[in-house]
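These are my notebook entries on a few sites that I looked up. I set the structure out before the entries.

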Amino acid sequence: MEYKIITSIDEFYGLKHQWERLQEIDDEATIYSTFALAKAWCEAHRDCESMELFIICIFQGVDILGIAPFAIEHHNKWGLNYRELVFLGMGDFLTVLVDESKEDAMSIFRKIFTVVEENSSLWDKMSLNNIINNSKLGYFFLRSRKYNEHLGYSRYNLECPNLLFDKYESFDRYRDSLIPKSIKRNMKKLKEITDYDVEARSDKNVYELMARMHINEQEYLRKSKNRLDRKSLFADSRRAEFIRNVYGESDNLITFFLKSKNHDGSNIAYEACYIYKDVIHSWNSAYDPEFEKYGVGSVLSLEIIRYCFENKIAAKLDFGCGRYPWKFDFTDSFTSLYQLELWNEDTHKGRYMKRLSEIRTGISTVLGKNC
């Protein structure tokens, strides 16, 4: 097997046909691994001086057997600059695409990370996030003598709750067996003050509405709840451009709106989703603070589940990353995520940063808090 490292956006565009072929035949590829989302991310970072592409392609003849969608980020932390090898893109599940019809996945992974190690002078830290724990890539790291000790559960996105619709005979059976009474009460109260409809939109003209609602909600939480940790992803220029690019081109969109019948059809809440390979992925939501006390986010989630049962648009609902209690009101199953993180001891900067990180971790342990 031969390899090539793609470092320019023009070379990346040339991968479109082979990338889309791999994403269809790789049964572990999700919407977050598609060429469309990678393109949206690359376009949003085209002029970013602190980011460069590092896409590893594994060839056998003219066929690409594997694509590792990596990038190298340049950081300044603790007053020091360092380079971090990461997955490119933004998504809840990230992986390496492989063609197992021509070569064993483990062999392809082994070649990819041999290439990573051969080019160790280009990066100081490797940090690969959001790897599904029971995936082939996760298994490769688990069996590796080099990487096993550096693989751990993700610090930030440990659980991803999900719901398999065929586990229940009907929506009514599902609702009666699992949904808390508090959500049912909120649905009833909301109906009393403003009867509502649920609208499912697959058009691309919802970006501005989503951005406005999300920014307004985050500002409300900061000002009224002192949630200083909350910042809308739409307020970050590159993330906002990434999402705008996705909504400009992708055909895998479905956005649900909870709309008031009594307030001129105003939007009470939305939940943005992707549909891909029989899975509906929820990735972002917001609500009008005026209706906060009615738990409208949970009301909309339940209405989305009703919609999925009735219209059979997917076999599985992925609630997205995050150990939020409200997600477990809707399901008792989840997927866990791994994170591979290691400093490169082949570079002086990597060795120094590793030592500094260990010292900070030790201080944090002594103080009993994160430093």
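Predicted model: local features only at pLDDT ≥ 70, side-chain atom pairs only at ≥ 80, totals over all residues.

I take helices (H or I, at least four residues) and strands (E, at least two) as DSSP runs, numbered from the N terminus. Residues are numbered from 1 along each chain as its sequence is written, and side-chain values use heavy atoms, with hydrogens and water left out.

Entry: Ser260.
I located Ser260 in strand E12 (residues 253-260). Ser260 counts as buried because its relative accessibility is 3%; buried means under 20% relative accessible area, exposed over 50%, and partly exposed in between, with a 1.4 Å probe and protein chains only. I then listed its contacts (heavy atoms within 4.5 Å). Beyond neighbours within four places in sequence, Ser260 contacts Thr194, Asp195, Gly265, Ser266 and Ile268. With the side chain of Thr194, the side chain of Ser260 makes a polar contact at 2.3 Å. A polar contact is a pair of N or O atoms within 3.5 Å; within protein, one must be able to donate a hydrogen and the other to accept it, and residues adjacent in sequence count only if both atoms are side-chain atoms.

Entry: Ile31.
I found Ile31 in the loop between helix H2 (16-25) and helix H3 (35-44). At 1% relative accessibility, Ile31 is buried. Leaving out residues up to four places away in sequence, Ile31 touches Leu37, Asn252, Tyr274, Tyr276 and His281. I also noted that Ile31 and Ile280 lie 249 residues apart in sequence, with 9.6 Å between their C-alpha atoms.

Entry: positive phi.
Most residues other than glycine have a negative phi. I recorded a positive phi of about 60 degrees at Asn130, which is not a glycine. Asn130 is in strand E8 (residues 125-132) and is buried, with a relative accessible area of 7%. Asp278, also not a glycine, has a positive phi of about 65 degrees. I placed Asp278 in the loop between strand E13 (267-276) and strand E14 (279-287). Asp278 is partly exposed, at 45% relative accessible area.
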